[in-house]
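Subject: Structure for your review

Dear colleague,

Please find below the structure that I am handing over to you. My notes on what was found in it follow directly after.

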Amino acid sequence: MTYSMVTWMKHVASRAVLQPHFTELEAVQWEDTTIFELIREDPEILGPKAWYQIHCQVHWTPPPDHELCRAFIQFCLMKMCHHQASMKVLLAGVAEGLVLPGLLLITRDQIFEDTTLMESDGIILSQPSSGAEALCLGWKSALVNFFAEGTPGQELELPAVTALRELRAWSHKITRANTSRMEQAILARSQSSGLGHEVLRIAHPQVDLEKKTPYMSLSFQRYRWKESLLGCLVGFVDLVVPRAIGISQVTKRNALEFLQLLSLHRMCPFRSNYASVFAFSSEKCFLVEAVRWMLPTMASKLSPESGAWISQASLSHLFRHICGFTPKELEALGLDEELLLVLILSAQLRLLRRKVSKDFHTRFRHEVHPSTGVCRLCYSEPEDSKCIRYWTVQSTPHTEIHGKVVTPYPTNDPDRLTPTLGFEKNADYVHLADLKLRKIASRPLVLARCQRDVTLLIEAGSPKKVLAGVSFNTFSAQDLQEMRCDSSAAKEIRALKRGHQFQRFRWGQMHPIGSRKPCGGRPGDTYTGYAGMEVTDTEHIRLLFAHAADVERMVAAVAPLHPDVTRELRDLSAEVNSLGGIGATAYYCWNFVALQHVDHDATWTISLQTCKEAKQDEFNFVLMDLGCYVETCENSLWQVVWFRTLHWLKYPRWFHGSQTHGTVVPRLSSMSSNKNLSQGIAVTLPLASLQGARNQNQARAAYVPLAQRWNMN
């Protein structure tokens, strides 16, 4: 094993499995300066031999989690792919057969998701010791021109974006040795007139600036200016102390006053941050949004005396009072139209959450013995005839099938689905029958007897570890119809451009609802909402809540069988831009064809297929690593749910995205029929999106210590 490979694997162990040996800043510096050199020295470092064999020779303590390590390498690769020189080395490795193609192609998926070209890293900047102060003053001037203008537009926004990009690149050079010099340049000798002062003015938690004009709101939604600029300065912060939360009890009258203040001063930043629409959808969301913008904005509007109770109030107690208001009581307050609508829709969403949770728990406990958990109606039946059956499987990686086309028909069938880019000679077809997979199919008699039909795939040797699952006929016809309508509305959102591994088969569409990781395609890009997520009117607010209701139903369907999934997704709502009370993004799909691949998600994935008009052997779902495939129902109402290691259909089905999976592709004649062959929803959180959200949280937390450090409170 080469020295570079040993260095790499030890670094992965320290950062991904063991307690980190680096601070976050040191880790970023190490990755930026070292990884490219490692690959240049030894391109085989990312090859199949390195990953699947040589890493086993490293003495890990404790034994490594394979997927966690792979995900960390994935994250590092993503960062490298923003450097064109690094990308050239990686592509050269692929051409020579040295680099693991699947790993790189998945990385390129995440990088090239946007429709514009990848951002170049060719900006040449002065060293901190040479002309740094002039650079900082130039960046400050660009920011002042955009944010201080009465009617900002694109002509002033572009120089500000350029300043952000250059500041990001320059700030990566922060080290312990040059911190003092760089800080002097940022402050420009005068704390009241330097770049640091301007950044803190823009990044102040109160929302007046971002609500200044419609264009400014759109710009804040697009670039997350506060977090993006603060993220360039976190290297100057040694310790971030969480904000103290009040504990004083509040009254109903206090809660009424709180809502009236939000309305009176037009504080809600719905147009600059769509996630703020869900501020009242759950207690976790309320705590996050209250600390993020409600309390700071109120503090800037009220005198210390009149606002004293707000800073000392128990936010949890305040939220419970707000939840207790009836629609009539809210309407009597004279609130502005959008805030009133958000409060009413939030109350309806919370009510729906309680209802569907109760309904699914009741359904899955029907005729189940309370102490044994065994169904009274089928306990004496053979295992394969029970309403909840368990299949033991062995999870085995099948990287050799990545990018291949699995068909239900012979590979030489003249009606086979062809690549959309005309590269048919490069398409590698595999007949489903040749894979020798076990079929998971609906059992109508079991469903009629017990009102549930669930198959759980458990790991051999670990019977309590569920790797995947399928539950047929889960939602009512009414719920499915509502979600089908929401799917149609989602078509108003721009469809995702497919990543590299799906470019050859661009059949169908996928429309996202929620936030995404920075893609590198838009200059100055960051973790933010997908294009089309901007709130423009009350109808858009209603649509966002309709999508959130879809997600709530899907998560509730999972809870009786796997409560940890629900808990994890709700907990993530405190870290990322939530969709209702769930920390995830929803993807609405139509006739979407996915070749065999793996994903890198931070949590469970839940999917729901709302309609299927395809032939029975088309649009089925392959779980290659688990040796199974799901035969989706002919019934036009079917659902699917995915998790970290799980997946279900009208079933919900669940599986871990890092397991090889994909579509059994339809025939060309089927795809040419203009039918709604397959329609569904997937809910998940990509690992890179979670990292982007956490970086922004870290940046926001740096505001107070920076203001204190530079005496700019």
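In this predicted model, Phe621 has Thr663 of strand E17 as its bridge partner. The two strands concerned are E12 (residues 621-623) and E17, which are joined by 3 bridges in the antiparallel sense. Both belong to an open sheet of 4 strands, arranged in the order E4-E13-E12-E17 with mixed pairing. Its edges are formed by strand E4 (438-440) and strand E17 (661-663), each of which pairs on one side only. On average, neighbouring strands of this sheet are turned by 25° against each other, direction ignored.

Strand E7 (residues 509-513) is linked to strand E10 (residues 585-590) by 5 bridges, and the two run antiparallel. E7 is mostly covered, with 4 of its 5 residues buried.

Turning to the helices, H8 (residues 154-171) packs with H11 (residues 214-223) at an angle of about 30°, and their axes are 12 Å apart. Angles under 35 degrees count as roughly parallel, and H8 and H11 are therefore roughly parallel to each other. The crossing of H8 with H11 is right-handed. On the H8 side, the contact is made by Gln154, Glu157 and Val161, while H11 contributes Tyr215, Ser219, Arg222 and Tyr223.

With kind regards

Note on methods. Residues are numbered from 1 along each chain as its sequence is written. This is a predicted model: local features need pLDDT of at least 70, side-chain atom pairs count only at pLDDT 80 or more; totals for chains, interfaces and linings use all residues. Side-chain values use heavy atoms; hydrogens and water are left out. Axes are lines fitted to C-alpha atoms, for helices over the stretch in contact, and angles run from 0 to 180 degrees between N-to-C directions. Angles under 35 degrees count as roughly parallel, over 145 as roughly antiparallel, 65 to 115 as roughly perpendicular and the rest as oblique. A crossing is left-handed if the near helix is turned anticlockwise from the far one by less than a right angle, and right-handed if clockwise. Contact means heavy atoms within 4.5 Å. Buried means under 20% relative accessible area, exposed over 50%, partly exposed in between (1.4 Å probe, protein chains only). Two strands pair if DSSP finds at least two bridges between them.
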